[in-house]
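Please work through the following exercises with the sequence and the three-dimensional structure in view, and try each task before reading its solution.

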Amino acid sequence: MSDATLHATDHNPDDFAVQIADQVESFLVAVTEVARGDEPGSAVPFLLLEVSQLLLAGGRLGAHEDFVPDERYEPDAGPDTDMDELRENLVRLLEPVDVYSEVFDPYEPRTAPVPARISDDLADVISDLRHGMAHYRAGRTTEALWWWQFSYFSNWGPTASAVLRALQSVLIHVRLNQPLQELDGLDTDQSDLGDDTLEFEAGRVMVQEIAGPLGLRPARK
């Protein structure tokens with residue numbers, strides 16, 4: 001954690017804000033390192049671990065009483081960080097398993113699944129977290145906590161939860177030696193989703209494509 005981050009909360013490691021900021025910073029650093037692609041075979045389990053730990057911070061934020069900002073209007077946190085490079089690195093790293101299907105609201109009756117990308121979702125989560133970190137490093141601790149809590153409910157919490165399920169599913173297939181089914185070209189670029197099923201339009205993702213980097217083998221008969 002940077003000196004500026006520690007100074008914002010008087011170096012108290014037991015302070016709630018310090019603990020949340022430390023978990024956020026750890027996630028930001030770890031995912032950035034994974035995205036470099038130095039260890040592609042370990043990318044999925046590492047990301048699963050980091051997303052799981054981040055969601056612990058999110059759960060603590062969600063269980064906490066609402067934070068009230070010091071100012072009525074949000075102070076300028078500076079320009080948003082360009083996420084294109086990180087997103088593109090994750091696309092290359094996760095290409096065989098990047099696209100997955102998700103149901104946004106499990107309590108909405110007969111909700112059709114929609115396509116999503118792990119790379120896009122992780123980039124969105126990081127963008128939210130960095131925005132709050134900008135406030136935190138500027139000494140606006142309450143503003144940072146408010147932003148992290150608000151965006152946990154409105155965006156990065158559900159998004160990270162969806163990514164967690166996707167990564168967990170990949171590992172389940174790997175560890176239990178269960179080949180992935182064809183996704184028949186599921187892609188996020190499709191514009192017309194049917195009422196009951198997705199209309200698949202892009203290329204295919206086969207177990208053969210991910211056997212190398214993720215260690216998949218044909219299922220035993």
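A crossing of two helices is called left-handed if the near helix is turned anticlockwise from the far one by less than a right angle, and right-handed if clockwise. Helices (H or I, at least four residues) and strands (E, at least two) are DSSP runs, numbered from the N terminus. The model is predicted, so that local features need pLDDT of at least 70 and side-chain atom pairs count only at pLDDT 80 or more, while totals for chains, interfaces and linings use all residues. Residues are numbered from 1 along each chain as its sequence is written, and side-chain values use heavy atoms, with hydrogens and water left out.

**Exercise 1.** Describe how α2 packs against α4.

Solution. Begin with the geometry: the two helices pack at an angle of about 55 degrees, and their axes (lines fitted to C-alpha atoms over the stretch in contact, with angles from 0 to 180 degrees between N-to-C directions) lie 9 Å apart. That makes α2 oblique to α4, given that angles under 35 degrees count as roughly parallel, over 145 as roughly antiparallel, 65 to 115 as roughly perpendicular and the rest as oblique. Next comes the handedness, and here α2 passes α4 in a left-handed crossing. Finally, look for contacts, meaning heavy atoms within 4.5 Å: V31, T32, V34 and A35 in α2 meet L86, N89, L90 and L93 in α4.

**Exercise 2.** Describe how α2 packs against α3.

Solution. Helix α2 covers residues 16-35 and helix α3 residues 43-63, and they pack at an angle of about 160 degrees with their axes 10 Å apart. The two are therefore roughly antiparallel to each other, and their crossing is left-handed. Among the residues of α2 in this contact are F16, I20 and F27, while those of α3 include F46, L47 and R60.

**Exercise 3.** Is P79 buried or exposed?

Solution. First locate P79, which is in the loop between α3 and α4 (84-94). Then apply the cut-offs: buried means under 20% relative accessible area, exposed over 50%, and partly exposed in between (1.4 Å probe, protein chains only). With a relative accessible area of 80%, P79 is exposed. P79 and A134 are 55 residues apart in sequence, yet 9.7 Å apart in space, C-alpha to C-alpha.

**Exercise 4.** How many of the 20 residues of α5 are buried?

Solution. Helix α5 takes in residues 118-137. Of its 20 residues, 14 are buried, so α5 is largely enclosed by the rest of the structure. In the protein, buried residues make up 41% of the 221 residues.

Definitions and conventions
The expected span of a helix is 1.5 Å times one less than its number of residues.
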